[in-house]
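Let's take a walk through this chain together, from its overall dimensions down to single residues. Have the sequence and the coordinates open as you read.

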Amino acid sequence: MKTWFITGGTPGGFGMALAEAALEAGDRVAVTVRRPAELVSWARGHGDRVLVVTADVTDGDQVRAAVRAAENHFGGIDVLVNNAGRGWFGSVEGMDEDQVRAMFELNFFSVPTVLRAALPGMRARGSGWVVNMSSVAGLRGTTGFGYYSATKFALEGLTEVLRDELASTGIRVLAVEPGAFRTRAYSGFADEPVGESIPEYQPMLREVREAMVSADGKQPGDPGRGARAVLAAMAQEPPPQRLVLGSGGFDAVADTLESALAELRRNENLSRGADFPDGE
């Protein structure tokens with residue numbers, strides 16, 4: 001029986017889908033959430049196998065307290081899932097700087113905060129998993145979501161290095177990159193205005209917003225199936241280093257990587273020609 005610690009327990013989100021999948025597998029789950037009242041009835045149905053902890057993952061003191069609560073309640077953490085995050089839209093040039101920094105605080109800087117709190121106990125146990133919830137946007141930038149993509153690209157790089165650094169500890173690391181899934185992630189766009197400071201970008205961003213609103217509730221990805229795919233990937237030997245979820249996401253990432261490799265090959269002479277000549 002494993003104990004999971006999952007950040008970002010928003011109802012209808014990927015964190016809760018992973019919590020349900022873990023419980024179905026017979027495991028125990030600690031979930032962080034900013035509004036615990038939303039999970040009272042859900043938690044009651046699972047008894048002492050579930051712990052709901054109030055925490056804002058951008059607050060280091062709250063994160064450390066949440067990890068201690070989970071460790072005290074369950075005896076340790078076996079699977080750490082960094083899931084908390086959100087995407088705001090806007091142009092690279094015109095997006096509000098405070099909003100950009102807030103998104104990086106939540107989507108990126110909160111991850112090392114949680115890692116620093118949870119990894120000491122996991123290293124002492126000599127085993128475990130870190131699952132970082134990234135996005136297809138972390139492998140392929142999305143128009144109108146430049147800074148969201150940047151947070152996920154940063155998370156991908158961090159995850160890759162973390163995997164190497166933890167290789168000798170018995171802790172495995174998985175990056176998960178969902179495409180469009182039927183969570184509540186798109187639901188807020190209907191009420192979110194196009195707050196763009198540069199008029200030239202407003203038509204593009206209106207199209208982005210309209211596309212998100214029209215897709216809400218119609219996304220092809222099933223969060224429950226996606227969560228079970230994550231557990232199945234973790235059970236493989238050897239497990240994958242990253243897992244793209246959803247057919248659309250798979251196709252987009254495959255196209256991106258194949259195009260990048262083809263371009264790399266086309267410019268091989270220029271790349272290699274930048275070295276000193278042999279013998280110098």
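## Ground rules

This is a predicted model, in which local features need pLDDT of at least 70 and side-chain atom pairs count only at pLDDT 80 or more, while totals for chains, interfaces and linings use all residues. Residues are numbered from 1 along each chain as its sequence is written, and side-chain values use heavy atoms, with hydrogens and water left out.

## The chain as a whole

The chain contains nine helices and seven strands; these are DSSP runs numbered from the N terminus, with helices being H or I of at least four residues and strands E of at least two. Along the principal axes, the C-alpha atoms fill a box of roughly 60 × 55 × 35 Å.

How much of the chain is buried? Buried residues make up 44% of the 280, where buried means under 20% relative accessible area, exposed over 50% and partly exposed in between (1.4 Å probe, protein chains only). Among contacts with a separation of 6 or more, 69% come from residues 24 or more positions apart; a contact here means heavy atoms within 4.5 Å.

## Surface and charge

The accessible surface comes to about 14500 Å², and carbon and sulfur atoms account for 50% of it. These areas come from the Shrake-Rupley method with a 1.4 Å probe, and for residues only the protein chains shown count as cover.

There are 28 positive and 37 negative side chains, with the centres of the two sets 7 Å apart. Lys and Arg count as positive and Asp and Glu as negative, leaving out His and the chain ends; each charge is placed at NZ of Lys, CZ of Arg, CG of Asp or CD of Glu.

## Aromatic pairs

Rings of Phe, Tyr and Trp (its six-membered ring) pair if their centres lie within 6.5 Å; planes under 30 degrees apart count as stacked, over 60 as edge-to-face and the rest as tilted. By this rule the count comes to four aromatic pairs. One of them joins Phe14 and Phe181, a tilted pair at 5.1 Å centre to centre with 55° between the planes. This pair links distant parts of the chain, 167 residues apart: Phe14 sits in helix H1 (residues 14–24), and Phe181 in the loop between strand S6 (171–178) and helix H6 (202–215). Phe14 counts as buried because its relative accessibility is 9%, and Phe181 is buried too, at 7%.

Phe89 and Phe145 form another tilted pair, with 6.3 Å between centres and 45° between planes. Phe89 lies in the loop between strand S4 (79–82) and helix H4 (97–125), and Phe145 in the loop between strand S5 (128–133) and helix H5 (146–165), so the pair ties together parts 56 residues apart in sequence. Relative accessibility is 7% for Phe89, which counts as buried, and 8% for Phe145, also buried. Ring pairs link Phe89, Phe145 and Tyr148 into a cluster.

## Helix H1 and Leu23

H1 is mostly covered, with nine of its 11 residues buried; among them are Phe14, Met16, Leu18 and Leu23. Just after H1, Gly26 takes a positive phi of about 90°.

Leu23 lies in H1 and is buried at 6% relative accessibility. Leaving aside neighbours within four places in sequence, Leu23 is in contact with Val29, Trp42, His46, Arg49 and Val50.

Leu205 belongs to helix H6 and is buried, with a relative accessible area of 2%. Not counting residues up to four places away in sequence, Leu205 touches Phe89, Gly90, Ser91, Gly144, Val194 and Glu196.

Arg64, in helix H3 (residues 60–74), is partly exposed at 38% relative accessibility. Arg64 and Ala117 are 53 residues apart in sequence and 5.5 Å apart in space, C-alpha to C-alpha. Finally, a cis peptide bond with omega of about 0° joins Glu237 and Pro238, and Pro238 is found in the loop between helix H7 (223–235) and strand S7 (242–245).
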